[in-house]
Amino acid sequence: MYDVYKIREDFPILSREVYKRPLVYLDNGATTQKPRIVVDSLVNEYYSVNANVHRGVHFLSQQATELHEASRETVRGFINARSVQEIIFTRGTTESMNLLAYSFGEAFLNDGDEVIVSVMEHHSNIVPWQLLQQRKKIVLKVIPMNDKGELLMDEYRNLFTERTKLVSVAHVSNVLGTVNPVQEIIQIAHAHGVPVAVDGAQSTPHIPIDVQALDADFFAFSGHKIYGPTGVGVLYGKEQLLEKMPPYQGGGEMIQNVSFEKTTFNELPFKFEAGTPDYVATTGLAKALEYCAALGMENIANHEQMLTAYAMEKMSQIEGMRIFGQAEHKDAVISFLVGQIHHLDLGTLLDRLGIAVRTGHHCAEPLMRRLGIEGTVRASFALYNTKEEVDALVNGIERVRKMF
Ligand code: PLP
């Protein structure tokens, strides 16, 4: 039995008030709240284990290293990677995508080569490729979508040429909630011998992930969006590709031997992890993943699907409501506008009612352009949200609408 009220007790922040009203937190696409077990793990590690990892012979350093590497194994299991060598800790999805663009770009891309992305990408899967364009004249090709917010797969198929070297797409759109058919996207790319990177920032918290079943070549996600700490994320990559890619940053940890004449690099995954990692946060991330696994990702997905369907139905009945993203496969994200009310006004007034939503372009300006708008209000759900909170949102929107 999925008891959402019991689950909420694990998240102390959910019982606080804002403006003397109960907090209704619906900005989970931006970041999620943390269960006690995650916060406790951070405090406990600082209080009783803290020491730098991989370096010391002393007891604490070894204990910290064991925790850090055990976390890598937890991540491996959570996304079903083949080995821990394929799990690189980063600061988050953004750093994962920058690492990928830099290092994959160095190893495999030349002037005139093509990378395929989609029109609904977050800036973190657009701008790193544009930065690469300053060093190599690669061409970005864009998969278009229909008005429901679904990628046009025939158009996608037609984008491939002999210069296509990588496809890099979001698993779930942070604006539309569209769950893209990544398995099919990967199969099509692989038929052309092209690897695929998946931005899993918005899917990993909501959908069971199996990188081997997907046959994804790279997969990125952020800890803070899946109930873990800020400042930690993951880039999964197939070992045979990572082996051929050069380091992204230089420093401690990523080397084997250093001399002024020649430096050799550490083995995977350490080759990509220069400097002291946030080893406390990796422990916290592992706790968050264990927490999700204990609830069951399928159960979380079912609960959130129920909430999304309920919210879509209720919100569609509001006069002047426009919902952006009506894909058949849609995740727990609802972007909307109401009548002529500016998204910022709507978001600000909802906030006064204690309802936290996102407003703006959501770091997806090309998508906004495609939709012909400047921004939306976005409500995004998590494993702890309730139908009562959806009701509060709907009533709040109605109240603001009547004010205008
Ligand atoms: N990709 C998508 C689809 C996102 O929604 C986000 C964050 O909103 C990111 C990437 C970037 O994640 P982070 O800011 O944690 O690096």
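How many nonpolar, polar and charged residues does the lining of the largest pocket have? I started with this question and noted that the model is predicted.

**Entry 1: the largest pocket.** I counted by class and found 6 nonpolar, 13 polar and 7 charged residues in the lining of the largest pocket. The space in this pocket comes to about 430 Å³. Its lining has 26 residues, and I listed those closest to the centre: Ala30, Thr94, His122, Lys225 and Cys363. I then checked which elements give two or more residues to this lining, and they are helix H4 (93–108) and strand E16 (358–360). H4 has the largest share, with 3 residues.

**Entry 2: the ligand.** I looked up where the ligand sits, and it is in the largest pocket. Among the residues surrounding it are Gly92, His122, Ser124, Asn174 and Lys225. By class, I noted 1 nonpolar, 9 polar and 2 charged residues in this shell.

Entry 3: I found a polar side-chain atom of Asp199 at 2.5 Å from a nitrogen atom of the ligand. Thr94 places a polar side-chain atom 2.6 Å from a ligand oxygen atom. For Thr93, a backbone N or O atom lies 3.4 Å from an oxygen atom of the ligand. I also noted that the ligand taken alone exposes 390 Å², of which the protein buries 85%.

**Entry 4: the second largest pocket.** I read off a volume of about 240 Å³ for the second largest pocket. Of the 17 residues that line it, Phe89, Thr90, Arg91, Glu95 and Ala274 lie nearest its centre. Strand E4 (87–90) and H4 each supply at least two residues of this lining. I sorted the lining by class into 7 nonpolar, 6 polar and 4 charged residues.

Technical notes
Residues are numbered from 1 along each chain as its sequence is written. This is a predicted model: local features need pLDDT of at least 70, side-chain atom pairs count only at pLDDT 80 or more; totals for chains, interfaces and linings use all residues. Side-chain values use heavy atoms; hydrogens and water are left out. A residue is near a molecule or strand if one of its heavy atoms lies within 4 Å of it. A polar contact is a pair of N or O atoms within 3.5 Å; within protein, one must be able to donate a hydrogen and the other to accept it, and residues adjacent in sequence count only if both atoms are side-chain atoms. Accessible areas come from the Shrake-Rupley method with a 1.4 Å probe; for residues, only the protein chains shown count as cover. On a 1 Å grid over the protein atoms alone, a cavity is a set of points where a 1.4 Å probe fits but cannot get out, and a pocket is an open set with protein on both sides within 12 Å along at least five of seven lines; lining residues have an atom within 4 Å of a point. A molecule sits in a cavity or pocket if more than half of its atoms lie within 2 Å of its grid points. Ala, Val, Leu, Ile, Met, Phe, Trp, Tyr, Cys and Pro count as nonpolar, Asp, Glu, Lys and Arg as charged, and the others, Gly among them, as polar. Grid points are joined across faces, edges and corners, and a volume is the space filled by probe spheres set on the points. Helices (H or I, at least four residues) and strands (E, at least two) are DSSP runs, numbered from the N terminus.
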